[in-house]
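Hi,

Here is the structure I promised to pass on. Have a look at it first, and my notes follow below.

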Amino acid sequence: MIEWGLYNYWVVIFLMMTGLYVVIARGNLIKKIIGLNIFQVSVIMFYVSMGKVKGGTAPIEAAGFEVYSNPLPHVLMLTAIVVGVATTALALALVVRIKEAYGTIEEDEIRQIESNEDAS
Amino acid sequence: MISHHIPRVLSKLLIPLIMLFALYVQFHGDYGPGGGFQAGVIFGAGIILYALLFGLDQAKEVFRPRALEFFMAAGVLLYGGVGIAAIFAGGNFLAYSALAHDPTHGQHLGILLVELGVGTTVAAVMATIFFQFAGRGRTDD
Amino acid sequence: MTAATAVGLAVAWPLFAVVLIIAFQRWPNLRETGTLLTGGSLFAIVAGVILPEVQAGGRPRFDVWEVLPGLDLAFEVEPLGMLFGLVASGLWIVTTFYSIGYMRGHHEKNQTRFYICFAIAISGALGVAFAANVFTLFVFYELITLSTYPLVTHAGTEKARNAGRMYLGILMGTSIAFLLFALVWTWLATGTTDFRPGGILAGKVEGPQLMILLALYAFGTGKAALMPFHRWLPAAMVAPTPVSALLHAVAVVKAGVFTILKVVVYVFGIDLLAATDASRWLTWVAAFTIIAASCVALGKDNLKARLAYSTISQLSYIVLGAALATTAGVIGGGMHIVMHAVGKITLFFCAGAIMVGAHKTEVSELDGLGRRMPFTFGAFLLGSLSVIGLPPMGGSWSKWFLMLGAAEAGQWVMMVVLMASSLLSIGYLMPVVVRGFFRSAPVDDGHGDHAGSGIHEAPLLCVLPPVATALGGIVLFFYAEDIWQLLMGMVP
Amino acid sequence: MIEGIWTLIGDDLPALQIAVPLLAATLCILVRRPMAAWSVAMVVAWSSFANAGVLLHRVLTTGTISYAEGGWPVPWGIELRIDLLNALVLLVVTGICAIVLLAAPRSIKAEIPRDKQYLFYATYLLCMTGLAGMTITGDAFNIFVFLEISSLSSYALISQGSTRRALTSAIQYLVMGTIGGTFILLGIGMLYMVTGTLNIVDLADQLALVGPNRTVLVAAACIAVGVGIKLAVFPLHIWLPNAYTYAPAIVTAFIAATSTKVAYYVLIRFAYSIFRINLTFDGTQPSAILMMLGIAAMFLGSLVAIFQDDIKRMLAYSSVAQIGYMVLGLSFANEYGLTGGLVHVFNHAVMKCGLFLVLACVLLRMRSTRLSAFEGLGRRMPLTFAAFVLGGLSLVGVPLTVGFVSKWYLVLGALEAGLWPVAVLILMSSILALVYIWRVVEVGYFKAPPEGADEITEAPVSMLLPTWILIGSTLVFGVWTSLSAGVASAAARMLIGGGS
């Protein structure tokens with residue numbers, strides 16, 4: 001079998017940077033939220049891959065298996081995923097209301113509207 | 001989707017099964033893979049599927065938002081209530097062993113109730129989130 | 001009543017007046033009676049109970065509360081504080097009398113607020129006077145600043161507001177930036193901020209650091225109006241005259257120089273300063289302030305502004321006395337607190353009386369007024385003599401001791417400075433008297449009635465106080481020995 | 001009967017501190033009626049406050065409390081651990097929650113529609129749950145969970161503001177807050193990777209064995225950035241002014257006094273209990289960076305505050321500056337500095353909450369918090385405005401107010417560390433505070449209200465009372481310091497001593 005080394009970290013870093021880039025570079029709020037999700041997923045990947053023990057199996061007690069993967073990071077990520085869902089839901093709710101209030105979800109347009117408001 | 005007969009018929013068959021499966025996952029969860037989160041999401045998915053196919057209004061008839069809100073709160077109350085009950089039974093917070101005379105029995109009972117609480121809340125929350133988004137900009141409640 | 005409780009009571013006593021003033025705010029006569037009664041009883045407490053104890057060598061102490069470990073709110077009366085306490089409580093009575101005449105004569109608004117802030121400021125002054133440590137002193141120092149701010153801005157006009165801004169900015173700014181810093185430093189170096197005979201810093205802070213610390217104290221005390229932090233004083237002249245009297249003679253500026261004097265004697269210790277020469281630079285700053293402020297005063301036409309610059313100059317006498325770090329210098333400084341207070345309050349009272357009676361504010365407008373307002377100008381003359389330092393006024397003694405101090409320290413330049421400044425003060429104070437008495441009133445410029453014909457003495461309550469304080473200056477000339485005796489107690 | 005209940009729950013107070021507000025939040029949803037929900041919230045908040053008081057008392061008398069949730073033994077189970085440090089923070093958080101709630105009904109009546117008010121109380125309690133949980137948990141991962149609970153509920157609370165700006169502020173905060181939270185999660189993951197434990201005490205022990213390595217360093221960086229965002233350390237503060245300005249007035253008072261304080265606690269916990277900032281890493285680099293940021297925050301925050309037209313925004317920038325003080329105190333890495341930082345948590349919470357409540361009063365009566373709304377307020381709402389002046393003086397650090405106590409310790413800390421220029425800077429920035437406070441005071445006392453302005457009455461008692469409780473506390477705790485400074489310095493001694 002080919003030795004892949006610590007490739008999982010590269011995946012994590014790639015996802016993380018992608019997410020961060022989207023959050024920073026995109027003006028569309030929905031896209032920002034997607035970026036945020038990718039960012040969160042990268043950390044989830046990080047935890048999950050961290051729990052893997054080489055040759056280990058799912059941590060359910062059964063005859064014939066000696067090595068189990070560490071279940072704790074997975075359990076932690078269950079919580080983190082819920083947090084992520086809650087964040088996304090709240091963010092989307094806010095975006096919907098922003099769309100109703102401003103008529104747009106583009107950040108630069110919103111900023112334009114706000115600065116006009118300040119000027120008047 | 002009212003006019004699409006095939007999905008409607010199929011889903012009529014599927015939705016009860018989905019919900020049944022959710023209950024299976026729910027009650028299997030205390031000593032096997034599964035649990036309240038998964039069950040709640042599956043159950044919520046059933047509700048959402050129903051709403052997709054039969055329309056939001058009809059779905060709201062079946063699952064009233066007020067009721068969902070109640071279940072949302074009740075699930076958490078159940079969870080926390082078990083924890084508090086453990087305190088009054090003489091143990092620490094959420095120490096299920098104290099819930100019954102036999103610690104193993106207590107653990108079973110505790111996890112069962114807690115997972116039920118989680119499942120209820122998650123299902124209600126999923127449905128509520130969907131209703132909120134889907135209902136936006138329509139009748140505006 | 002023991003002297004110790006009397007100390008605590010004396011600081012709280014003016015606050016009792018605040019209660020009375022608020023209770024009687026609808027009845028001005030009752031309100032002012034309340035103020036006067038508390039003022040009188042306050043003076044009785046200070047002079048009748050605390051003074052004998054201190055004269056007998058006692059140091060009555062009153063502990064209030066420990067705010068932080070090693071940081072107490074406590075009072076302890078020693079000779080210098082005793083003297084300042086006497087000045088503040090005594091002149092409060094006189095100023096109150098005068099305020100009644102002035103404020104009513106001028107129909108000022110918000111008189112209740114005026115009396116309240118005045119009383120709080122007096123409480124602050126007594127707190128400063130009786131403070132047992134630098135922290136307590138700092139607390140009451142800030143209390144004076146805050147309570148006199150509404151007095152300075154009393155008029156509420158744009159000009160008053162700007163003056164208030166400068167007043168608060170300089171006084172608060174310097175005290176927070178420098179004085180607080182010095183306080184923390186002192187505490188860190190010695191573990192205490194207590195005033196102790198002989199000082200607490202010996203062996204704890206050395207070399208150039210000692211100089212820096214002294215600078216922090218000297219400039220941190222913005223109320224002492226050392227240049228370049230003197231601008232608030234002339235600016236604050238927009239305030240009603242009784243406030244100017246309070247600011248320039250009783251509470252504010254005296255609290256400032258008192259702080260410097262007390263810190264030099266009880267925190268640094270004059271022996272330490274004399275041995276290390278750390279205060280040499282301060283004598284130069286003080287000397288510069290003395291001369292420069294006198295020169296500015298010469299050029300001011302507005303009477304109150306002229307007196308303000310004169311005050312700046314006179315205050316630096318006291319700072320100079322402290323900086324000389326000799327026994328005679330410190331005693332001269334302490335004595336000058338009293339003498340200048342009495343002399344300068346007379347001058348301000350007179351300026352106010354002229355304003356109420358003749359509605360004149362500029363020196364050049366005073367021609368011939370002396371004949372119409374003889375008592376006011378007579379008092380002004382006596383006050384001027386005291387400030388200049390001529391017998392038979394008390395001011396001559398303090399100047400004598402300051403000269404002695406300079407000689408003791410071997411600083412001949414400083415003696416010259418003191419003499420030059422006396423000459424300059426003749427130059428800026430005498431013209432007022434000369435114009436009043438010897439010039440004739442300006443010729444009628446065709447406006448019908450004879451110019452100045454409507455001018456007569458200000459109301460009785462405006463004239464009596466300056467006359468009283470002027471006579472007080474003469475009395476002090478003969479009782480300087482007692483003050484000297486008292487002050488000797490502070491030099492170990 | 002009561003005796004019996006007490007023996008049952010007496011030992012479980014730490015758990016109840018979290019469980020009860022959480023359950024009460026759901027109860028608020030069930031009862032639906034605004035006043036009923038408020039009553040539930042009131043009872044719970046005040047009993048939590050009392051509970052925190054009991055816990056602090058216990059910590060002071062018997063030492064650190066450790067509570068194993070679910071009866072699972074530490075370090076495998078989740079531990080609630082209360083020592084001097086977090087007992088003080090807990091007291092502040094619950095106290096502020098309870099007091100602010102007094103003012104809530106009148107204030108939100110004007111800003112939140114009636115049928116949403118019960119949700120407001122539920123979210124409020126949820127936020128309190130998160131903050132309390134973050135404070136007392138002894139488990140690193142739980143810090144993240146409770147952090148997200150409090151953050152999510154505060155996004156929701158902020159978005160309730162009456163203008164549409166509240167929405168954009170909330171989402172700005174949400175994006176930044178989520179990034180911050182995720183960074184914290186990442187850092188905790190790395191620590192777990194290195195040590196195989198999540199319990200804070202255990203983590204510290206294991207890390208001491210492992211010694212510094214690159215993973216730990218990266219973990220520290222991630223956590224510092226993450227907590228820095230929640231704490232609004234300059235330059236990660238940009239969410240704060242908007243969030244504070246456009247949130248409902250009561251929410252601002254609540255969040256300003258609690259959420260950044262708890263974030264500061266988390267920073268201290270990680271820096272001193274887990275990483276032992278000054279001991280493990282070579283040199284003083286981390287603290288040097290923090291010091292620079294603290295100084296920058298202190299000055300830029302105050303300077304920007306001077307030029308604000310909206311007083312709510314001005315105080316928000318002032319908060320940025322005050323956070324700078326706290327961070328600075330931490331960065332001195334000596335007992336006085338840390339005491340200063342901790343005592344400032346207490347003091348700043350009290351005074352800033354009081355000031356924001358003043359703004360809530362002003363907003364209620366004037367419908368604006370712009371500078372122009374303050375014209376002549378000294379006469380029109382004398383009690384409210386007097387509270388503002390006192391609170392402002394405390395912010396400046398006038399002696400006998402709480403601000404002085406903080407400043408005293410901070411300057412001592414700076415001098416102790418031999419950094420006298422920093423001490424000078426701290427004092428200079430207080431002068432800036434004087435400038436921005438006095439701007440408002442002048443307008444309040446000297447400007448006449450505009451011609452034909454409506455007749456304005458004093459704020460209602462239900463709002464004045466909590467305002468004056470807090471403003472009164474700034475004076476009381478400025479003189480009686482054994483609770484705030486006493487506990488803070490004991491906690492600082494403990495942290496510097498390397499204990500946890």
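A word on terms first: helices (H or I, at least four residues) and strands (E, at least two) are DSSP runs, numbered from the N terminus. This is a predicted model, so to speak of local features I need pLDDT of at least 70, and side-chain atom pairs count only at pLDDT 80 or more, while totals for chains, interfaces and linings use all residues. Residues are numbered from 1 along each chain as its sequence is written, and chains are lettered from A and ligands numbered from 1 in the order in which they are written.

Chain C

On that count, chain C comes to 19 helices and two strands. Its C-alpha atoms fill a box of roughly 75 × 55 × 45 Å along the principal axes. For the radius of gyration (taken over C-alpha atoms; the globule rule is 2.2 Å times the number of residues to the power 0.38), a compact globule of 492 residues would be near 23 Å, and chain C agrees with its 21 Å. I call two residues in contact if their C-beta atoms, placed from the backbone, lie within 7 Å. Among contacts in chain C between residues at least 6 apart in sequence, 81% join residues at least 24 apart.

One helix pair there: the axes of H2 (residues 28-55) and H4 (residues 111-130) of chain C come within 11 Å and cross at roughly 5°. Axes are lines fitted to C-alpha atoms, for helices over the stretch in contact, with angles from 0 to 180 degrees between N-to-C directions. H2(C) and H4(C) are therefore roughly parallel (under 35 degrees; over 145 is roughly antiparallel, 65 to 115 roughly perpendicular, the rest oblique). In this contact C:Pro28, C:Arg31 and C:Thr35 of H2(C) meet C:Gln111, C:Thr112, C:Tyr115 and C:Ala119 of H4(C).

Chain A

Chain A has four helices and zero strands. What would a compact globule of 120 residues have as its radius of gyration, and what does chain A have? The globule would be near 14 Å, but chain A has 21 Å. Its C-alpha box is roughly 75 × 30 × 15 Å along the principal axes, and buried residues make up 26% of the 120. The axes of H2(A) and H3(A) come within 10 Å and cross at roughly 180°, which makes H2(A) roughly antiparallel to H3(A). By class, that contact has 17 nonpolar, six polar and no charged residues. Here Ala, Val, Leu, Ile, Met, Phe, Trp, Tyr, Cys and Pro count as nonpolar, Asp, Glu, Lys and Arg as charged, and the others, Gly among them, as polar.

Between chains

Of the four pairs of chains in contact, A and D share the most contacts. That contact takes 26 residues from chain A and 22 from chain D. H3(A) gives the most to chain A's side, with 14 residues. No contact joins chain A and chain C, whose closest C-alpha atoms lie 29 Å apart.

Cheers

Definitions and conventions: A residue is buried if 20 or more other C-beta atoms lie within 10 Å of its own, exposed if 12 or fewer, and partly exposed in between; C-beta atoms are placed from the backbone.
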